[in-house]
Amino acid sequence: MGGIEGDEGDEEGTPASDDAAPAPSAGSAGLLWPVRLDGAPSALRRLTRDELVSTLEVLTGTAPARDDLPEEQRSDHGPLLTSGMSFIGPEIGKLKQVMSDFAVRVTPAMLVKTGCASTQQTQRDCLLAWSLRFAEQAFRRPPGTGESAIYQRILASADGTKDGNTIALEGVLTGIFFSPSFLYRTEIGAAVAGKAGLRALDSNDLAVRLSYLATLAPPDAELLDAAKTGRLKDGGERGRQFARLAASDRGKRALAVLVFEWLGANERKVHEKSQKYLTGLGADFEPSVRASAEAAIRKVVLDSADPTVGGLLSTDAYLADAPIQKIRQAFGTGKTASGDTAETGRAGLMMHPHVLAGHTKDDGASPFQIGVFMREAFLCEPIPSPPPGAADMARDGVPPGSTMRESLEYRTGAGLCQGCHQHFAPMGYSFMPFDPVGRWVKQDPTGKPWDLSGSITPASGSAFSFKTPGELMRGLASLPQVHGCFAQTALELAFGRHLVTEDQEMLVALNDAVKKTRGGVAAIFQTIVSAPSFANTIASR
């Protein structure tokens, strides 16, 4: 992860093949953006770390630190999709320890909440009744007779003393928190007559799907009531319930997490950067810069005149935030001197330091890494993986005095490399001045001015040119293809998987919503949750 030179030879994010153009997509005829239908449906969805934290907060009022939980295995920089994902290898041991420690920590408070204080046998009955109610919340379904028998055996050690009752309840909570029924949510459904492979979710699982999309947490009492009375079968009611949940504090946090997943920026990355870039930022910089990005998302979607995908990619709502001011101010001297200038023109969340840190190396510049990400995440145009030995294809003998861009263009200028790099390098070159934490370095390492100009041709439209990253982002922000690509990401996160042929009806509805609202974020989610297919699932394959 060294300096600039690593960019042209990295196996990740530096494709180079004569299959240069992005692969054709299935199922995209008539849509604003290219769609790939290569998903793998599953009846099980692993809770993400964000969902585990939110769920435990709802159940107990507190939760383990997110970073203490096992980090999910990501296959690429795309959104985290957990349908069919299992806990594997060392994750299991780490998770068991975290959940055991957490159960021990919260048991005293939970014991008080049970309100059980009576004779020995009555108290055991009271603790069992409470445990079954708690398990129903945790499992998002009533516990079975076998589970009830297990808790009854564990609670046999409750003897009316504080220590005895505490140990017994610790055992129950540990079992619940490490149970597959807690760690995974089910989307099994029942077969739909006349529609092979399509299954209708029961009311409870439908409420769970809706609630986790809206809040990252299990359903509240009002949503469960709507499920029990059959009202969630109506798309309009699902839309109303989603809007209510999305307006809550948990809903606002869930929105930020979803947008961060789209932006490839939901994981902490600032602390991984080389120390020279962290100088002067302070220990609280990483949480405060993420908070700034979260606030900007809320301002765009909830409080702005442009609550659209384009608004997310063009907003300047964060520029005055304290952690951003640290990044924008003058820093360093000589060729590494940094600080925002008129040329910087920060526009949109892609130029926010928190997001930039998610796509930069620990040391040095990362134009190809950033360019590949933007082509795939914003345009839904996949870049093929580099062929074996891609680094060896780069040309040697860079002319003396070449700028960073000239050097990279020379080294990747051979036919096999150039055919693929042309699809993402121009966007990445426009971001060359940003260092690993998002500072704007004022000049090329040679001392020459930056050349940040370029041109791209989206699959759905004509080429457009830009001279600065701000112009690039404003151009992308105006593209319906980008708005549709965001809608696809939202749908994938709603279903926890990549898309399949059976999703085409939903894609058409999203396409219409994107056109009518110019990429309105609220309209995209309302379209998803109110559509008939949101109440269905696809049989595992």
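## How α2 meets α5

In this predicted model, helix α2 (residues 90-114) packs against helix α5 (residues 162-177) with their axes 8 Å apart and an angle of about 125 degrees between them. That angle makes α2 oblique to α5, and the crossing in which α2 passes α5 is right-handed.

## How α1 meets α2

Helix α2 also packs with helix α1 (residues 49-60), here at an angle of about 25 degrees and with the axes 11 Å apart. Angles under 35 degrees count as roughly parallel, so α1 and α2 are roughly parallel to each other.

On the α1 side, L52, L56, L59 and T60 make the contact, and on the α2 side M99, F102, V106, M110 and K113 do. Seven of the residues in the contact of α1 with α2 are nonpolar, one is polar and one is charged.

## The nonpolar cores

The largest nonpolar core holds 107 residues, and the members that touch the most others are F378 and L476. Helix α22 (residues 480-495) gives the most to this core, supplying nine residues. Setting aside neighbours within four places in sequence, F378 is in contact with W262, L263, L313, M350, F373, M473, L476, Q481, V482 and C485.

Apart from this core there is another, made of 38 residues, including F87, L95, A135 and L155.

Conventions. Residues are numbered from 1 along each chain as its sequence is written. This is a predicted model: local features need pLDDT of at least 70, side-chain atom pairs count only at pLDDT 80 or more; totals for chains, interfaces and linings use all residues. Side-chain values use heavy atoms; hydrogens and water are left out. A nonpolar core is a set of buried Ala, Val, Leu, Ile, Met, Phe, Trp, Tyr and Cys residues joined through side-chain atoms within 4.5 Å. Buried means under 20% relative accessible area, exposed over 50%, partly exposed in between (1.4 Å probe, protein chains only). Helices (H or I, at least four residues) and strands (E, at least two) are DSSP runs, numbered from the N terminus. Contact means heavy atoms within 4.5 Å. Axes are lines fitted to C-alpha atoms, for helices over the stretch in contact, and angles run from 0 to 180 degrees between N-to-C directions. Angles under 35 degrees count as roughly parallel, over 145 as roughly antiparallel, 65 to 115 as roughly perpendicular and the rest as oblique. A crossing is left-handed if the near helix is turned anticlockwise from the far one by less than a right angle, and right-handed if clockwise. Ala, Val, Leu, Ile, Met, Phe, Trp, Tyr, Cys and Pro count as nonpolar, Asp, Glu, Lys and Arg as charged, and the others, Gly among them, as polar.
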